[in-house]
Amino acid sequence: MNQRNNHRLVLFPLPFQGHINPMLQLGQILHARGFSITILHTNFNAPDPSSHPHFVFRSIVSDLDRSEVPISDIPGLISLLNTRCASPFEEHLREMMLLPGGDAVPITCVISDSLFSFTCGVAERLKVRALTLRTGGATSLHVYTILPVLKEKGYFSIDGSRSEEAVKEFPPLLVRDIPGFDLQKPEMTLQLFDNMVKVIKSSPGVIFNTFEELEHPALTSVREVLPVPDFVIGPFPKCCVTSSSSSLLAEDRSCISWLDKQPLKSVIYVSFGSVAVVSEAEILEIALGLADSEQPFLWVVRPRSVRDPEWLQKSPSHFLEALERRGKMVKWAPQMEVLAHPAVGAFWTHNGWNSTLESISEGVPMLCMPCFADQGVNARYVSDVWRVGLHLNGGLERENIARAIKRLLVEREGEEIRERALVLKEKANASVRLGGSSYQALDALISHILSFE
Ligand code: UDX
């Protein structure tokens, strides 16, 4: 254990898996550099303290009833969390500052998710500094900063036939890559992104889970519009000394022993993150595409991620035979371990930012199937800019899926993509090594925090 300094950081994650993971990884990184860490979290989607015995956990009651807003309505849930959490957050922070108690080390700084819009105001009132964590990429943040312009230009709620058109203000994006372009009422979503941009702009510093060599052009643009100190210190999983899990669901480790038995780089790993839900028709195409690909597959099917819970029993025998012969299905996987496994040859992903960065960090080529929010931007950059994956452009049809999997895993094109992915992986490794861009930015972050005394 490193020597402790006399500084406590209070970390406040947004209570969704894709936001809890990077915040707790950040906690591990800063803990390894001597800080004491308190995770202040909502009782909704609370993380498991036993996985992080070196942190102090404090729960605030967010007063959120799961029946109030459908779990798939993420913008609705985030808005509600912003309304419900402000007072309890302030009470807890005040209490922690007045009565350190178990948290005997004094609080130097708060770090909260940039989708929480109230934390900086509360911190200012209580005279403590509050940095903000942007859990997603810099490129999607750049897109968020120009969403009002894109709305002005009429890119929202437009006729679906225009979704394949190029966005001339932001090449190489297509209209369908714009976050929320397909929403009938995009106002709430646009408001959330706008609030996030404002939060970052008014903060004493923003931390990014990305690396300079990956997103330099976007970071340059973001720095122009959001001129605050920034600390680009990712990929977080690469900087963590320990790899404690922050999963809200139990990880099924039987997939690792299954992977041990598969040929090198042969498996397509399939996971669409912690939020996306697929219809009965879509799951059938996915299943049959996997069967027709003739490749081994490891597929994460989260509970309640398919609209029809009976879908498996109704699946055609063609898929069930393929599943038995060369497939494995789990409810939740230890994803980072899976991506690092030598048997995994490609990752069919929804391109949530964590999944995208984890895949890049392990040099695994991606098959991109974005669902919502930043995912369209991430996927377009994976396929067209970084060129470390294929976009499932042709739609979710079994022939198209099987064809794309073969292109990635069997054909020469896939080998070239893997070569580029390995180059990017090495850049990620270099960024976190002594003297690398993220390593230096972490040192700068620590000096910045210590200057708050
Ligand atoms: C959400 C949004 O959908 C995404 O667009 C945004 O960038 C972050 O918040 P989510 O959909 O859950 O996130 O995707 P992602 O960002 O990829 O995060 C999922 C996390 O869960 C990853 O860290 C991944 O490693 C982990 N995971 C996923 C597992 O540990 N096991 C699994 O079986 C699946």
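Helices here are DSSP runs of H or I with at least four residues, strands are runs of E with at least two, and both are numbered from the N terminus.

The model is predicted: local features need pLDDT of at least 70, side-chain atom pairs count only at pLDDT 80 or more, and totals for chains, interfaces and linings use all residues. Residues are numbered from 1 along each chain as its sequence is written.

Next I checked the geometry. The axes of α4 (residues 138–145) and α14 (residues 375–385) come within 9 Å and cross at roughly 130 degrees. I noted that axes are lines fitted to C-alpha atoms over the stretch in contact, with angles from 0 to 180 degrees between N-to-C directions.

Then I listed the contact (C-beta atoms, placed from the backbone, within 7 Å). Thr139, Ser140 and Val143 of α4 meet Val377, Asn378 and Tyr381 of α14.

Is α4 mostly covered or open? I found 7 of its 8 residues buried (20 or more other C-beta atoms within 10 Å of the residue's own, placed from the backbone). The buried set is Ala138, Thr139, Ser140, Leu141, His142, Val143 and Tyr144. Their cover includes β5 (129–134), α6 (187–201) and α14.

Last, the ligand. Of the 24 residues around the ligand, Gly18, Gly273, Gln335, Gly352 and Ser355 come nearest (near is a C-beta atom, placed from the backbone, within 6 Å).

Terms used
Contact = placed C-beta atoms within 7 Å. Buried ≥ 20, exposed ≤ 12 C-beta atoms within 10 Å, placed from the backbone.
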